[in-house]
Amino acid sequence: MITSTLSAFTSGIRLDAVPAAVVTRARFLVLDLVGNIVRARHDAESTASFINAVRHMGMAAGNSGVFGDCCRYTPSGAAFLNGALAHSLDFDDTHAAGSLHPGAAVIPATLAAAEMAGAHGADVLAAIIAGYEVTCRIALALPAGEHYDRGYHPTATCGAFGAAAAAARVFGLDADGVSDALGTVLSQASGSLQFLANGAWTKRFQVGWASLNGLMAATLVREGFKGAAEALEGKHGFMRTYAPNPKPERALQELGSVWELMNTAVKPYPSCRYGHAGIDAALALRKAYELRASEIESVRLGLSKSGMLLIGAPADKKRNPQNVVDGQFSGPFVIAAALATGAMGWDSYQLLADATVRGLLPKIECVFDPEIEAEFPTNMSGKLTIAARGRTFEQTVVVPKGEPGNFLSEAELRGKFAGLTGAVLGAERSAALADAVLAIDTTANISSLMRRAAPLMAARLAGE
């Protein structure tokens, strides 16, 4: 019932039947992800490993594009690289209630399938919307918190199903075909939180692999492959195997009338979403009271249970980040960077050894806060309390910047995109790419959009 209903929804979705607000938001989410990919292709420390491995495995000789890259790849190589790069900066979209990043697995698989099939942009955007719904609704049914407690990374596990559904929709598979694709990717759904132990790059890898797996599953079914029935709700299906107390029916609640894509947020800061409310509060308090790092005596960041798991504990480790991944998942670091500099951007990770930031880290404590827990999972809230000048300054942020109830404007989204892509593409080419992405549903040839994201020098050499 669950699998078949989501499959029918996916196969039947048409862009002209989707609410205009959902279509507009979907365009924005694609724009946001593309910006992340372009920058990560050139500025993430794990990228060289990804690119070289793909080349050595023969996945760099094809006709599929990777944003920010002048080379062409096989479809599987493109899906993997775009997916891994999308998640490499930890600056990609988030779904609070599902506790995941839906776009990073779904969009790359959809675009790779579109290049394979020569699909029109309207079908591509419809498929992306369906992929978001499948990914987020599966996470809600687990629910995500209990899935997390078992050590799974829902962006990779649930994302594989969304990627498979979206790719299947691009290929024009019927409801049974989509169901078979979900039944096939069931055997490929994986993703572990163990990366938190040492700042491993596996978090990025497993999201790219989820995208590739989704594409593979849909391609197998397109060629006549038979997948397992009841992939989601079955006795040995995903929900009952990967979580102790699933609520499968939650995946279908108000399907087609409430769009989980609209409950997806865009990050203004390149770090774990659980720290964003604290960053908002730190920036606001710093500006309002002109606080200086040297005046700060102590800082307390109140978090939910899930927030503590990812950015608060163990305290000694979080106060001593050794690399970018450590910093992305350190509440003390992101708060220290915001308080010390008045900003928290990708370049903030150059401050990992900065004396001012290092001086603040021991003063910052992350604590479980029942009031913040009460807001979860609806909101990834946070409460920041700063002791300075013999006074206490406190601010609670219930809805962080970028959340659906506090979403970024188109101008802000374009600003984030330009900030990520301008150094790679140049201002003019960056703006043209943004325009093209925001018109994706009118694009007859997705490959032309992918080629717009080649670096400026490479583009000139190619005669564009």
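**Entry 1**

I began with Glu290, which counts as exposed because its relative accessibility is 62%. My cut-offs: buried is under 20% relative accessible area, exposed is over 50%, and partly exposed is in between, with a 1.4 Å probe and protein chains only. The model is a predicted one, so I kept local features to pLDDT of at least 70 and side-chain atom pairs to pLDDT 80 or more, while totals for chains, interfaces and linings use all residues. Residues are numbered from 1 along each chain as its sequence is written, and side-chain values use heavy atoms, with hydrogens and water left out.

Glu290 sits in the loop between helix H12 (276-289) and strand E5 (296-303). For the labels, helices (H or I, at least four residues) and strands (E, at least two) are DSSP runs, numbered from the N terminus. I then looked up the backbone of Glu290: phi is near 50°, a positive value in a residue other than glycine.

Glu230 also has phi near 50°, again positive in a non-glycine residue. I placed Glu230 in the loop between H10 and helix H11 (238-242). Glu230 counts as partly exposed, at 45% relative accessibility.

**Entry 1: cis peptides**

I noted a cis peptide bond between Ala313 and Pro314, with omega about -5°. Pro314 belongs to the loop between helix H13 (305-312) and helix H14 (315-318). Another cis bond joins Phe376 and Pro377, with omega about 10°. I found Pro377 in the loop between helix H18 (370-375) and strand E7 (382-388).

**Entry 2: Lys383**

I moved on to Lys383, which is in strand E7. Is Lys383 buried or exposed? At 13% relative accessibility, Lys383 counts as buried. I listed what Lys383 touches, with contact meaning heavy atoms within 4.5 Å. Leaving out residues up to four places away in sequence, the list is Arg300, Leu301, Gly302, Asp369, Glu371, Ile372, Glu394, Gln395 and Thr396. I also checked one pair by C-alpha distance: Lys383 and Thr396 are 13 residues apart in sequence and 4.2 Å apart in space.

I looked at helix pairs next. Two packed helices are described by the angle between their axes and the distance between the axes. My axes are lines fitted to C-alpha atoms, for helices over the stretch in contact, and angles run from 0 to 180 degrees between N-to-C directions.

Helix H2 (residues 20-43) packs with helix H20 (residues 427-438) at about 140°, and their axes are 9 Å apart. The crossing of H2 and H20 is right-handed. By definition, a crossing is left-handed if the near helix is turned anticlockwise from the far one by less than a right angle, and right-handed if clockwise. From H2, the residues in the contact are Arg27, Phe28, Val30, Leu31, Val34 and Val38; H20 supplies Leu433, Ala434, Val437 and Leu438. By class I have nine nonpolar, no polar and one charged residues in the contact of H2 with H20. Ala, Val, Leu, Ile, Met, Phe, Trp, Tyr, Cys and Pro count as nonpolar, Asp, Glu, Lys and Arg as charged, and the others, Gly among them, as polar.

Asp32 counts as buried, at 5% relative accessibility. Not counting residues up to four places away in sequence, Asp32 touches Phe91, Asp92, Asp93, Val266, Leu413 and Lys416.

**Entry 3: H8 against H10**

At what angle do helix H8 (residues 154-170) and helix H10 (residues 202-222) pack? I get about 35°, with the axes 7 Å apart. The H8 and H10 crossing is right-handed. On the H8 side, the contact includes Gly159, Ala160, Ala163 and Ala164, and on the H10 side it includes Ala210, Ser211, Gly214 and Leu215. The contact of H8 with H10 has eleven nonpolar, five polar and no charged residues.

Ala113, in helix H5 (residues 103-117), is buried at 0% relative accessibility. Beyond neighbours within four places in sequence, Ala113 is in contact with Ala167, Val170, Phe171 and Leu215.

**Entry 4: whole chain**

The protein chain has 22 helices and eight strands. Buried residues make up 61% of its 464 residues. Of the contacts in the chain with a separation of 6 or more, residues 24 or more positions apart account for 76%. The C-alpha trace spans about 70 × 55 × 40 Å along its principal axes.
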